[in-house]
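Subject: Handover of a structure and notes on its packing

Dear colleague,

Please find below the structure that I am handing over to you. My notes on what was found in it follow directly after.

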Amino acid sequence: MKLLLTGVHGVGKSTVGTLVAQATGFPLWGISDLLRKDLLDFAGSSYALRTMLNALPVQKRALVYQRVINALCELEHVILEMPIVECESFGIMIPREPVLRLVPFDAFILLEADAAAIHERRMTRPPKKQDPRYLTESADEIGTHQELCRHMLIAFGVALARPAFIIRDAGNPSLTAQAVISAITTARNDV
């Protein structure tokens with residue numbers, strides 16, 4: 001079973017994803033981790049990785065992403081943690097469509113939380129772990145970003161005929177993880 005766990009930066013994808021991976025035994029990968037694995041000589045932050053990838057010639061960047069997509073397709077079970085939209089520095093939201101379209105996901109799971117709580121989490125993160133693009137996004141902009149993610153997740157689910165689940169943060173990562181596991185069970189029964 002291949003699952004996409006998504007949501008805006010700071011919603012808790014890594015925390016909840018780790019708990020779900022422990023409970024299900026499915027490996028959890030972040031898209032940045034897979035890109036780093038392909039680019040063996042790169043050890044920088046996710047933001048530095050994106051900057052470096054964007055500087056590559058289009059054909060070389062496409063080859064890197066194709067190898068990552070091939071690796072995901074070969075896995076029997078995986079939870080892929082990644083945003084489905086990126087907020088560029090000039091405010092445009094860009095869908096991460098090629099990975100979504102080319103990997104045969106069995107289900108899409110969107111985590112949502114209170115926008116003010118996400119904003120607070122972002123402001124208290126260590127600077128090395130924080131993508132500077134997201135330090136300037138207000139709570140209202142985070143709410144808009146979440147709404148766009150919701151619409152895109154539903155559209156991908158419909159277009160690819162796959163279940164799409166929207167799970168609201170329960171305020172407790174363990175409870176949120178249990179809701180995700182319930183969604184996985186439902187998706188598994190539908191497949």
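What percentage of the 191 residues of the protein chain count as buried? The share is 42%. Please keep in mind that this is a predicted model. The protein chain contains eight helices and seven strands. Among its contacts between residues at least 6 apart in sequence, 71% join residues at least 24 apart.

I begin with the nonpolar core. In soluble globular proteins, nonpolar side chains tend to be buried together. Here, the largest nonpolar core has 51 residues. Leu4, Val20, Leu72, Leu80, Val99, Ile109 and Val180 are the residues with the most contacts inside this core. The greatest contribution to the core comes from helix α8 (residues 173-190), which supplies six residues.

If residues up to four places away in sequence are not counted, Leu72 touches Lys2, Leu34, Val78, Leu80, Val99 and Val103. Two of these partners, Leu80 and Val99, are also listed among the core residues with the most contacts.

Helix α1 (residues 13-24) packs against α8 at an angle of about 55°, and their axes are 9 Å apart. An angle of that value makes α1 oblique to α8. Their crossing is right-handed. On the α1 side, the contact involves Thr15, Val16, Leu19, Val20, Ala23 and Thr24. These meet Pro173, Ser174, Thr176, Ala177, Val180, Ile181 and Ile184 of α8. By class, the contact of α1 with α8 comprises nine nonpolar, four polar and no charged residues. Val20 and Val180, which both take part in this contact, are also among the core residues with the most contacts.

Gly17 also lies in helix α1. Is Gly17 buried or exposed? Gly17 counts as buried, because its relative accessibility is 0%. Apart from neighbours within four places in sequence, Gly17 is in contact with Leu5, Gly12 and Leu28. Gly17 and Val180 are 163 residues apart in sequence, yet their C-alpha atoms are 8.8 Å apart in space.

The second pair is α2 and α4. The axes of helix α2 (residues 31-38) and helix α4 (residues 58-74) come within 10 Å and cross at roughly 115°. Accordingly, α2 is roughly perpendicular to α4. The crossing in which α2 passes α4 is right-handed. Which residues meet here? From α2 they are Ile31, Leu34, Leu35 and Asp38, and from α4 they are Val64, Tyr65, Arg67, Val68 and Leu72. The residues of this contact divide into seven nonpolar, no polar and two charged.

Helix α6 (residues 115-124) and helix α7 (residues 139-159) pack at an angle of about 115°, with 8 Å between their axes. These two helices are therefore roughly perpendicular to each other. Here too the crossing, of α6 past α7, is right-handed. The residues that α6 brings to the contact are Ala115, Ala116, Ile118, His119 and Arg122, while α7 brings Ala139, Ile142, Gly143 and Gln146. By class, the contact of α6 with α7 has five nonpolar, three polar and one charged residues.

With kind regards

Technical notes. Residues numbered from 1 in each chain as written. Predicted model: local features only at pLDDT ≥ 70, side-chain atom pairs only at ≥ 80, totals over all residues. Heavy atoms only, no water. Axes fitted to C-alpha atoms, helices over the stretch in contact; angles between N-to-C directions. Helix = DSSP H or I, 4+ residues; strand = E, 2+ residues; numbered from the N terminus. Parallel < 35°, antiparallel > 145°, perpendicular 65-115°, else oblique. Left-handed = near helix turned anticlockwise from the far one by under 90°. Contact = heavy atoms within 4.5 Å. Nonpolar A, V, L, I, M, F, W, Y, C, P; charged D, E, K, R; others polar. Core = buried A, V, L, I, M, F, W, Y, C linked by side-chain atoms within 4.5 Å. Buried < 20%, exposed > 50% of the residue type's maximum accessible area, 1.4 Å probe, protein only.
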